[in-house]
Amino acid sequence: MNTKRLFGRLAAATLFVTAFATASEAQIQPHRVPAYTGKAQARPVRSTPSYSTSSATDGVKFGIRAGVNVADWSGDAVSSVMDLAEYTNGAVTKEMKTGFHAGLYATLPLGPRFAIEPGVAYSEKGTALTGRIPLEQFDFLNAKVKATARMAYLDIPLLAKAYLTDGFYLYAGPQASVLLSGKARVNASALGFSAFNKDFDIKDQFRPVDFSVTGGLGYQFQNGLGLSAGYDYGLSSLDKNNNFDAQNRVIKASVNYSF
């Protein structure tokens, strides 16, 4: 074998090996993305919306509350009066007394769906009795006598609130009511004219503090506005001297605002 032929074969083998190595390197080399020379742009981040499970998670809240009272008395004394009224053929009737309440409260959260709410409010309570002359001969006079117990209390409730859904809650708790004033208003009228109208102070005849339990339901909106309705059930007798047995009963409808 001559020298030229040997070098020719070595050169061909070298070229073959070089071509194979270049092709292999091209296959395993990662693709390079050219560098971006423009301004960097922040990619939008999708945020997950957060929802409040109830207003009890919003921290301590203070608020104002006001509304309407529809009050009455219940007990043995009231039952006796109504039994007597049956013998008058409707000449004596008992009515519920309307009034109002207004006050302040604080909502203290104890969990995602539970809160304690102490408060204080001025509240009007009482009852009313209306009588007329039970004789047809005097119906033309339209003579009536109305006696209204006008009682004013400072209610101090301590409520437990349980949120069933977002905003909707039930509440219940004890309540102490300090008697501020007690008056009996007597009004006599005939032929549409008032013949007698006078207030008598009866505060000294009633217990200075009344105890009751209260409960109801309500809805608190996210904007702070709220609505509620409840019932006060008096536990103690109102008469200080135990001459008669009667307890407060109050239906309440309220509007509130939490700050």
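Author: Let's begin with E117, which is buried because its relative accessible area is 2%, buried meaning under 20% relative accessible area, exposed over 50% and partly exposed in between, with a 1.4 Å probe and protein chains only. This is a predicted model, in which local features need pLDDT of at least 70 and side-chain atom pairs count only at pLDDT 80 or more, while totals for chains, interfaces and linings use all residues. Residues are numbered from 1 along each chain as its sequence is written, and side-chain values use heavy atoms, with hydrogens and water left out.

E117 forms a salt bridge with K161, with the closest N and O atoms 3.0 Å apart; a salt bridge here is a side-chain nitrogen of Lys or Arg within 4 Å of a carboxyl oxygen of Asp or Glu. K161 belongs to strand 5 and E117 to strand 4, so this pair ties together parts that are 44 residues apart in sequence. Like E117, K161 is buried. Strands (E, at least two residues) and helices (H or I, at least four) are DSSP runs, numbered from the N terminus.

E117 has another partner: its side chain meets that of R65 in a salt bridge of 3.1 Å, N to O. R65 sits in strand 1 (residues 61–74) and E117 in strand 4, so to speak two distant parts of the chain, 52 residues apart, linked by the pair.

Now to another pair, K252 and D232, whose side chains form a salt bridge of 2.9 Å, N to O. Salt bridges with shared partners join K125, D155, D232 and K252 into one network. In the whole structure, a search finds nine salt bridges.

The search finds one cavity of 30 Å³ or more, and the largest cavity holds about 310 Å³ of space. Of its 24 lining residues, the closest to the centre are R65, P157, L159, Y171 and K252. Strand 4 gives the largest share of that lining, six residues. On a 1 Å grid over the protein atoms alone, a cavity is a set of points where a 1.4 Å probe fits but cannot get out, and lining residues have an atom within 4 Å of a point. Grid points are joined across faces, edges and corners, and a volume is the space filled by probe spheres set on the points.

K97, in strand 3 (residues 97–111), is buried yet has no salt bridge, and the nearest side chain of opposite charge, E124, is 4.2 Å away. For charge, Lys and Arg count as positive and Asp and Glu as negative, while His and the chain ends are not counted. Leaving aside neighbours within four places in sequence, K97 is in contact (heavy atoms within 4.5 Å) with residues including N69, E124, K125 and R150.

R249 lies in strand 10 and is buried, with a relative accessible area of 10%. Not counting residues up to four places away in sequence, R249 touches several residues, among them D72, D232 and Y233. The C-alpha atoms of R249 and T127 are 9.5 Å apart, although 122 residues separate the two along the chain.

Conventions:
On a 1 Å grid over the protein atoms alone, a cavity is a set of points where a 1.4 Å probe fits but cannot get out, and a pocket is an open set with protein on both sides within 12 Å along at least five of seven lines; lining residues have an atom within 4 Å of a point.
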